[in-house]
Amino acid sequence: MESPGILEVIGGSVAVFTRRSPQKETVNEDSVVVIPAPGDAIVLAVADGLGGLPAGNTASAIAVEMLDNSVRSADAGSLREAVLDGIELANREILDLGTGAATTLAVVEIRGDILRSYHVGDAGVLVTGQRGRRRLQTVPHSPTGYAQEAGLINEAEALDHKERNLVSNVVGSHDLRIEIGSLLRIAPRDTVLVASDGLLDNFLSEEIVEFIRCGKLQLAADTLAIEALSRMEGTEPENVGGHPDDLSFILYRPS
């Protein structure tokens, strides 16, 4: 995509962006999906196929396709089960490829003002209020993510750590673990971000919050995309990040 696109959905608006790394000519290995769900709900997901392994783009596409199929066929009262089933189906499909392919995955379900997150690996979810208070931020399933959560390293050190690209949990593994967040009531001016590590590895979380917490959704999404690509290209060497990667994110704002 050249720039983020805006979709009007039940309960709010969504901005979507995905683009391959500015430093490669191979395919974008990320996949994104916006799924209308039964019971006036919506499911948003970003999958990041693992670079360095075969068919990362195939793995991420399978993840969002299985999730989409499962959610669309669910009953209104079984959305949580449908999301979990979709992830587990994707895990089996990717394992059956027999190529070693894998993907990370971040998902949110939103019905009315209630949100629940799910994630596998270092794709993540962040929810911020208009004034910048972080109401939810998932912990990456990675050595650096766990080290930061334990207070052994700070966020800037995690972003520039030599093991930053290692992940401890993927879709496409016999040891798959799906982390499920608690139900969260979102406020009218909250912003929800679902993103691949192509975004999350290039900014401190406070920087992301500042970009997305207020203003028109299109402007927030445009700014996030432009700043991320600029940082990947190393035009601001004094900043953290500068890690070229496929870049994908979804922003959601309630009506």
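View 1. Gln 23 is exposed, with a relative accessible area of 58%, where exposed stands for over 50% relative accessible area, buried for under 20% and partly exposed for values in between (1.4 Å probe, protein chains only). Gln 23 belongs to the loop between strand E2 (12-19) and E3; helices (H or I, at least four residues) and strands (E, at least two) are DSSP runs, numbered from the N terminus. When neighbours within four places in sequence are left aside, Gln 23 is in contact with Met 232 and Pro 244, contact being defined as heavy atoms within 4.5 Å. Gln 23 and Glu 233 are 210 residues apart in sequence, yet 8.0 Å apart in space, C-alpha to C-alpha. This is a predicted model, in which local features need pLDDT of at least 70 and side-chain atom pairs count only at pLDDT 80 or more, whereas totals for chains, interfaces and linings use all residues. Residues are numbered from 1 along each chain as its sequence is written, and side-chain values use heavy atoms, with hydrogens and water left out.

View 2. E2 and E12 pair in the antiparallel sense over eight bridges, pairing being assigned if DSSP finds at least two bridges between two strands. Phe 17 has Phe 249 in E12 as its bridge partner. Strand E11 (residues 191-195) also pairs with E12 in the antiparallel sense, over four bridges, and Leu 193 stands opposite Leu 251 in E12.

View 3. A nonpolar core is a set of buried Ala, Val, Leu, Ile, Met, Phe, Trp, Tyr and Cys residues joined through side-chain atoms within 4.5 Å. The largest such core has 27 residues, and those with the most contacts inside it are Val 43, Leu 67, Val 71, Val 83, Ile 87, Leu 105 and Val 107. Two or more residues each come from strand E3 (30-37), strand E4 (41-49), helix H1 (56-72), helix H2 (79-97), strand E5 (103-111) and strand E6 (114-120), and H1 gives the largest share, seven residues. Not counting residues up to four places away in sequence, Val 43 touches a set of residues including Val 33, Ile 35, Leu 67, Val 71, Val 83 and Val 107. A second, separate core of 21 residues includes Phe 203, Ile 208, Ile 212 and Met 232.

**View 4. The loop residue Asp 40.** Asp 40 lies in the loop between E3 and E4 and is exposed, with a relative accessible area of 54%. The phi of Asp 40 is near 55°, a positive value in a residue other than glycine.

View 5. On a 1 Å grid over the protein atoms alone, a cavity is a set of points where a 1.4 Å probe fits but cannot get out, whereas a pocket is an open set with protein on both sides within 12 Å along at least five of seven lines, and lining residues have an atom within 4 Å of a point. Grid points are joined across faces, edges and corners, and a volume is the space filled by probe spheres set on the points. The largest pocket holds about 460 Å³ of space. Of its 25 lining residues, the closest to the centre are Gln 137, Thr 138, Pro 140, Gln 148 and Glu 155. Among the elements that give two or more residues to this lining are strand E7 (124-128), strand E8 (134-137) and helix H3 (143-149), and the largest share, four residues, comes from H3. E7 and E8 form a hairpin with five residues between them, and Gly 132 in the turn has a positive phi of about 100°. These two strands pair in the antiparallel sense over three bridges, with Val 127 opposite Leu 136 in E8.
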